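Dear colleague,

Please find below the structure that I am handing over to you. My findings follow directly after it, and I would ask you to read them with the model open.

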Amino acid sequence: MSMHAMPDARTSRPDALPELGAVALRRLIGERQVSPLELMRACIARIERFNPAVNALCATDFERALQAAQVAEDRVMRGEPLPALHGLPLGVKDLQATAGLLTTSGNVRLRGHVPTADVSLVARLREAGAIVTAKTNTPDMGAGANTRNPVWGATGNPFDPTRNAGGSSGGSAAALATDLLPLCTGSDTGGSLRIPSALCGVVGLRPSPGLIANDQRPLGWSAISVLGPMGRDVADTAFLLQASMGPHPMDPLSLGVHHAPVWPVPEMDLRGLRVAYTEDFGACAVDPMIRRTFRQRIAAIEREVAVCEPLDWALHDGHRCFDVLRAESFVAAFEELYRTRPETLSPQVRANVEMAARITLADRAWAHLEQTRLLRQFQSAFERYDLILAPVTPVSPFPWTQPHAEVIDGQPQRHYYEWLSLTYLVTLATNPALSLPCGRDEAGMPFGLQLVGPLHQDGRLLAMAAAFERRFAGDATLARPRPDFTALETPRPELRSIVTHPPLYPGDAQHPAGQATNTRTAV
């Protein structure tokens with residue numbers, strides 16, 4: 001026995017199913033109005049139709065995904081209890097290990113790497129019923145906020161594929177924006193969840209450290225890097241976060257954390273909120289056009305809340321602090337490779353390791369002291385305010401052929417990641433932070449508003465974000481933008497132009513990137 005899509009304007013055609021959000025799809029699956037197998041087939045068809053225009057997805061697992069969708073459908077028809085994400089196709093960032101499916105991190109050394117076990121997050125999401133369908137593209141080893149690498153090529157922005165989709169979770173953001181998949185995972189060190197979400201017009205949450213366990217993080221006690229959820233809207237993002245949370249014995253940060261429920265998202269009245277805002281934290285270069293767009297958003301918000309006041313901060317020491325802590329994490333992850341096989345590391349990764357060689361113990365002690373001071377400054381602000389607002393990125397999306405933003409408002413950036421400072425300063429505080437779509441900038445590209453909440457109050461942050469999202473939905477200048485799908489019918493082979501073609505497997509010269517088979521295929 002099979003199920004059929006409900007007779008709705010958006011689902012009367014099976015190929016329209018992927019346009020529905022994760023929450024709606026899961027409800028319809030539970031009501032036997034949408035078939036998990038039909039949904040998977042529709043997502044695969046949509047991937048084959050639109051992914052060539054943006055190159056969001058790299059390795060795919062269609063054969064096993066279809067098998068899993070059939071099993072999911074059988075469980076529904078037998079009337080069995082269904083887990084939270086039952087039957088929902090999932091995209092997994094290519095930095096995150098997936099058993100039996102290529103996990104390359106966009107690095108030539110790992111072109112043929114097929115893990116035997118999932119990272120803890122993926123294992124938890126599979127247990128919750130999600131079906132791993134594809135890997136999403138990322139910069140080489142996740143270094144940088146422009147998703148391009150020599151294995152899979154570049155990911156184009158769905159609103160203009162000649163421009164970048166952000167990073168390092170750029171493939172996930174572009175896949176969500178084009179409705180290829182209902183849910184995707186990401187990760188964030190200096191802004192890797194928030195930046196691509198902002199540039200592609202979707203939602204990305206950097207959660208409080210420890211909320212989502214990571215059993216493969218090299219520095220188990222470091223809070224600088226986190227795994228996190230991405231969705232098309234706040235509800236879908238909270239839905240994925242709820243299924244992702246929980247302690248793991250191999251992640252010390254996850255032990256002892258209060259994993260309070262974040263789903264369903266409660267309604268909140270904006271009129272009682274006390275909001276603070278900053279254009280630049282007193283320390284970041286920001287393009288004048290982005291400043292104007294942000295001021296327009298603040299003007300709209302201040303009419304809706306109880307208090308809306310500027311923050312008089314100058315976080316200049318945060319730049320050096322992040323330099324030190326980032327370099328520390330890179331040397332922990334890549335020092336051995338840097339010594340033995342430096343040619344396999346990108347210039348960005350090598351630059352971070354080399355920076356670490358110049359850092360002293362005194363530098364590290366200062367950085368940890370500065371991070372603690374900055375954290376306490378944020379926490380003091382939350383004694384007066386419920387929420388802090390800032391832009392997510394200082395520039396509109398630039399061409400993907402340009403590795404990074406070199407000059408912003410006439411100010412040369414010190415290195416390839418300084419243009420991420422609006423987000424990495426928040427990383428240092430470790431507060432949960434969410435990128436919320438908020439209309440378009442003056443260039444017609446998506447604009448993301450960064451919402452920062454009190455530490456370990458991720459559920460409250462999501463509730464505030466959902467309240468703003470509902471308010472923005474009624475205003476065409478503030479609502480989440482949608483790409484022109486007609487323009488995405490045209491493939492963009494140039495996005496693969498930076499791919500190198502060494503053998504994918506030892507002795508195998510027949511399969512350049514993008515042509516391996518079965519659970520290791522690419523689209």
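His-404 is buried, because its relative accessible area is 19% and the cut-off for a buried residue is under 20%. Please keep in mind that this is a predicted model. His-404 sits in the loop that runs between β13 (387–391) and β14 (407–408). Apart from its neighbours within four places in sequence, His-404 is in contact with Phe-398, His-415, Tyr-416 and Trp-419.

Thr-147 and Trp-400 are 253 residues apart along the chain, yet their C-alpha atoms are separated by 8.0 Å.

I then turned to the pockets. The largest pocket has a volume of about 1000 Å³. Its lining is made up of 41 residues, and those nearest the centre are Leu-95, Met-141, Pro-218, Ala-333 and Phe-334. Which elements each supply at least two residues of this lining? They are β8 (183–188), β10 (226–231) and α9 (317–340), and α9 gives the most, with 6 residues. Sorted by class, the lining of the largest pocket holds 18 nonpolar, 18 polar and 5 charged residues.

The second largest pocket contains about 320 Å³ of space. It is lined by 18 residues, of which Arg-232, Asp-233, Glu-469, Arg-480 and Arg-482 are the closest to its centre. Both β16 (433–440) and α13 (458–473) supply at least two residues of the lining of this pocket; the largest share, 3 residues, comes from α13. How many residues of each class line the second largest pocket? There are 8 nonpolar, 1 polar and 9 charged residues.

With kind regards

Conventions
Residues are numbered from 1 along each chain as its sequence is written. This is a predicted model: local features need pLDDT of at least 70, side-chain atom pairs count only at pLDDT 80 or more; totals for chains, interfaces and linings use all residues. Side-chain values use heavy atoms; hydrogens and water are left out. On a 1 Å grid over the protein atoms alone, a cavity is a set of points where a 1.4 Å probe fits but cannot get out, and a pocket is an open set with protein on both sides within 12 Å along at least five of seven lines; lining residues have an atom within 4 Å of a point. Grid points are joined across faces, edges and corners, and a volume is the space filled by probe spheres set on the points. Helices (H or I, at least four residues) and strands (E, at least two) are DSSP runs, numbered from the N terminus. Ala, Val, Leu, Ile, Met, Phe, Trp, Tyr, Cys and Pro count as nonpolar, Asp, Glu, Lys and Arg as charged, and the others, Gly among them, as polar. Buried means under 20% relative accessible area, exposed over 50%, partly exposed in between (1.4 Å probe, protein chains only). Contact means heavy atoms within 4.5 Å.
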